[in-house]
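Welcome, and thanks for opening this briefing. Take a moment with the sequence and the structure, then read on for a short tour.

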Amino acid sequence: MSNDTNEKQSVCKASLEVLEQLSKTNVGIETAFQRAEKMKPCPIGATGSCCKHCGMGPCRINTKKPLESVGICGADINTIAARNFCRMIAAGTAAHCEHSRHVAHTFLAAARGEVPGYQIKDIGKLLKVAADYGIETKSKPSDKISEELGTKILAEFGQQEGEVQFIKRAPAKRQAIWREMGVVPRGIDREIVEMMSRTHIGDDADYKNLMIQGARCSLADGWGGSMIATELQDIMFGTPIPIRTKVNLGVLKKDEVNIVVHGHDPLMAEMIATAVQDAELKKLAQVKGAKGINLVGMCCSGNEILLRRGIPLAGNFLQQELAIATGAVEAIVVDVQCIMPALGKLTECFHTKLVTTSRTVKIPGATHIEFDEHDALNIAKSIIRLAVENYPNRKQTNIPNQETELIAGFSHETINYMLGGSFRGSYRPLNDNIINGRIRGVVGVVGCNNPRVKHDYVHNTLVRELIANDILVLQTGCAAIACAKDGLLVPEAARFAGKGLAEVCEAVGMPPVLHCGACVDNSRLLIAATAMVKEGGLGDDISDLPIAGCAPEWMSEKAIAIGQYFVASGALVVFGVTWPTTGSEIFTKYLFEEYANVYKGRWAFEVDPNKMANLIIDHINKKREALGIQKTKERVLFDMEARRALQV
Ligand code: SF4
Ligand code: MSK
C-alpha cells in the first residue's frame, strides 16, 4: 500500500502515520481501512431491498425493477425497505436503552448504598430531575430522593401505559403533534418490542403505519433512554463544565503504561479513572520500569471521562485498531458498543491485552474480567494491574507525535451559564444573536466514522463550512473527536468562523464548535433546542428554529435511531455516506419529503460535505425567513449592562 492510498483513507495525520507504518512493517495486519477496500457493500442490502425476516427468504428485490418483484410472502419493496429501516431504529434504541438501564440500576443501588464508589455528586441536578418526576423533595435526604427517583425511572423501562416522563420537557406544540400522531412512547422496552413484532413476517406491511412505531420507538430513545442515561450520569459523576485536554494518538506515552478505555457506558471507565490514582499501582508501574500509568479514552467511553475529568482521548471509531498498532498500549479495556471484534485478532499481533468487562460483550481473543458495580474499585484495580504487569512485554513502539488541544464539557447547563452568567443563566443571548443575525443558526454535527468515506474529512470540511457561515456547531460522539483533532474545539478557532459568530465566540470566550458529550448526550441537544424555543423569539416549536442535525460519516444503527428522534422532534437531519432505503423510491420520498407535513422535520441525504453545508444553510435561511429575521441587523454591543437589563 502506498502513501497515496493511505492519504485517500484519512485526513488525520496520526492515523495516516500508523497506517503507513503498518503497511511498511507488518505485512498481513489489516485494519478496517483495508477490509473496507476488500469488502464492497452488497448492492441489494445497501438499498434496503433484501429481506431475511423468515425462512422462505432471504428475498431480494430487483432494484432495477422494484415494482415488479415482491418477496415470497408478497412483501413489496416499500414494506421491505420500511421494515429494515424500522429494525435499525429498534436496534439503535435498544443499544442506548440497555446502557441507560444499566446506569439506572447502578444509580438506584448507589442510593441504597449498595455500590461503594458510586455516589450522588450533583445534588442540584438530582433535585431538578426529581421535580420532573413529581417527587416531593423538601426535607428529604438526598439518598431517599435518589431511591425514589431511581425506582420511578427503572419502572419506565417496563411501563405498559401512560407516557415516558421526559416527553413533557418538549415544547407544548411538539407534544401536541406527538399526541395527535399517537407516537408518545408508553414505556421504553414496550416500544422496542412492538417495533420488532411489527416487522416480523406477516405483520405490519404499511410503510406509513410502520413509521408511526418507528417514530415512537425513536422517541423512547431520545426523550427516554438516552435522556435518562445523560441525566443520571450527570447526577452520579457530575454535570460537565468546560475542561481543557488533548486528543489524538499522541496522548499515548512512550515511557508509561498506557491503558485505553473504549465503548460507551461510563460506569467502568469512571472507576478505572479513580483506580488509576492508586499509589500501590503507581509504584508497581515503576517497579515494572514505567514512569507512570497513562489512562486515555477512545470513542464515547473516552468522551464521558474526557468531559467530566479531562482525561485525554486517543481517538475516534476508526482509530481503535490504530491505537493498538502503535505497539504502546498495554491494555484496551472495553464495555459496550462500537468495539470492533477485529480487536481480538489484532491484539494477538501485539503485546496489548484486550479486556472485555460486560456480561453482554465477549470477544474471542479477549481476557474477560466481568465488571460488577458492587465491587467496582477492586475489579478496576485488577484490570489496571493486568496492564501494568504487561508493560515489560512491550516491544517496538510507534506513537505519532500528534495531539491537539480541545475544550469539552458543554452541557446544557454550561451553555446556559456561559451565555447568561450565574444569576441570569439563560439562552437569551443566543436567541438574540440568532435574531440579530450574528449567529445564523445552530447545527448538531454528530455520529461515527465510516471507512466508506475518507476518515474525518466529511466532518471537518462540513463543520469548517458551517462555522464560516456563522453557524454555531454542537457536537457529540466521534464527530466531536474528529473536529477536536482538527483544532476546531478551542476558542482560537473563532478565526475560522464568520464575522458574526467570531464576535460572539470572542465575547463569551467559547469555541465556535461545542463538544456536548457522548452518543447518549444527543439528548443534551434536544434540551438545548427546547431551551431556545422556551426562551422566546424563535417560534414556538423545535421545527420553527433555524437549526438542523447531521451525521456526515454515520455507520451505526444508533445513528439512525438518533436521526429519527430528531426528525420526529421537528428537525431537518442530513446523513452522509449511504442511505439505507434507496431501493424504495416511495418510502424514501416519504421520509425525505412527506414526513415534513407530519412532523415538520424530515430526513435528507448528501455525501459531499460542501453540498451538505449548502443544503443545511438553505434550510436555515428558510427558517429565518419564516421567522421574519432573515436580514442581518445592525450590531448592538451586548455589554454587561445590556445583559443585566435582560428580562429573564
Ligand atoms: Fe421473503 Fe417475506 Fe420472508 Fe421477507 S418475510 S424473507 S420478503 S418471504
Ligand atoms: S462511538 S455510535 S462510532 S459516534 Fe459513540 Fe462513535 Fe458512532 Fe460509536
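This is a predicted model: local features need pLDDT of at least 70, side-chain atom pairs count only at pLDDT 80 or more; totals for chains, interfaces and linings use all residues.

**The largest pocket**

- The largest pocket holds about 790 Å³ of space.
- Its lining is made of 25 residues, and Gly45, Ala46, Met88, Trp554 and Met555 are the closest to the pocket's centre.
- Helix 3 (32-38), strand 1 (50-51) and helix 4 (77-111) are the elements that give two or more residues to this lining.
- Helix 4 gives the most, with five residues.
- Sorted by class, the lining of the largest pocket has 14 nonpolar, six polar and five charged residues.

**The largest cavity**

- The model has four cavities of 30 Å³ or more.
- The largest cavity has a volume of about 300 Å³.
- It is lined by 29 residues, of which Gly444, Val446, Leu525, Gly549 and Phe566 are the closest to its centre.
- At least two lining residues come from each of strand 11 (441-445), strand 12 (471-476), helix 21 (522-535), strand 14 (547-551), helix 22 (557-568) and strand 15 (572-575).
- The lining of the largest cavity divides into 21 nonpolar residues, seven polar residues and one charged residue.

**The second largest cavity**

- In the second largest cavity there is about 80 Å³ of space.
- Among its 13 lining residues, Cys51, Cys54, Cys59, Cys73 and Arg83 are the closest to the centre.
- Nine of the residues lining the second largest cavity are nonpolar, three are polar and one is charged.

**Where helix 5 meets helix 9**

- The axes of helix 5 (residues 123-132) and helix 9 (residues 207-237) come within 8 Å, crossing at roughly 145°.
- The crossing of helix 5 with helix 9 is left-handed.
- Helix 5 makes the contact through Lys125, Leu126 and Val129, while helix 9 brings Glu231, Asp234 and Ile235.
- This contact of helix 5 with helix 9 has three nonpolar and three charged residues, with no polar residues.

Conventions. Residues are numbered from 1 along each chain as its sequence is written. Chains are lettered from A and ligands numbered from 1 in the order in which they are written. Side-chain values use heavy atoms; hydrogens and water are left out. On a 1 Å grid over the protein atoms alone, a cavity is a set of points where a 1.4 Å probe fits but cannot get out, and a pocket is an open set with protein on both sides within 12 Å along at least five of seven lines; lining residues have an atom within 4 Å of a point. Grid points are joined across faces, edges and corners, and a volume is the space filled by probe spheres set on the points. Helices (H or I, at least four residues) and strands (E, at least two) are DSSP runs, numbered from the N terminus. Ala, Val, Leu, Ile, Met, Phe, Trp, Tyr, Cys and Pro count as nonpolar, Asp, Glu, Lys and Arg as charged, and the others, Gly among them, as polar. Axes are lines fitted to C-alpha atoms, for helices over the stretch in contact, and angles run from 0 to 180 degrees between N-to-C directions. A crossing is left-handed if the near helix is turned anticlockwise from the far one by less than a right angle, and right-handed if clockwise. Contact means heavy atoms within 4.5 Å.
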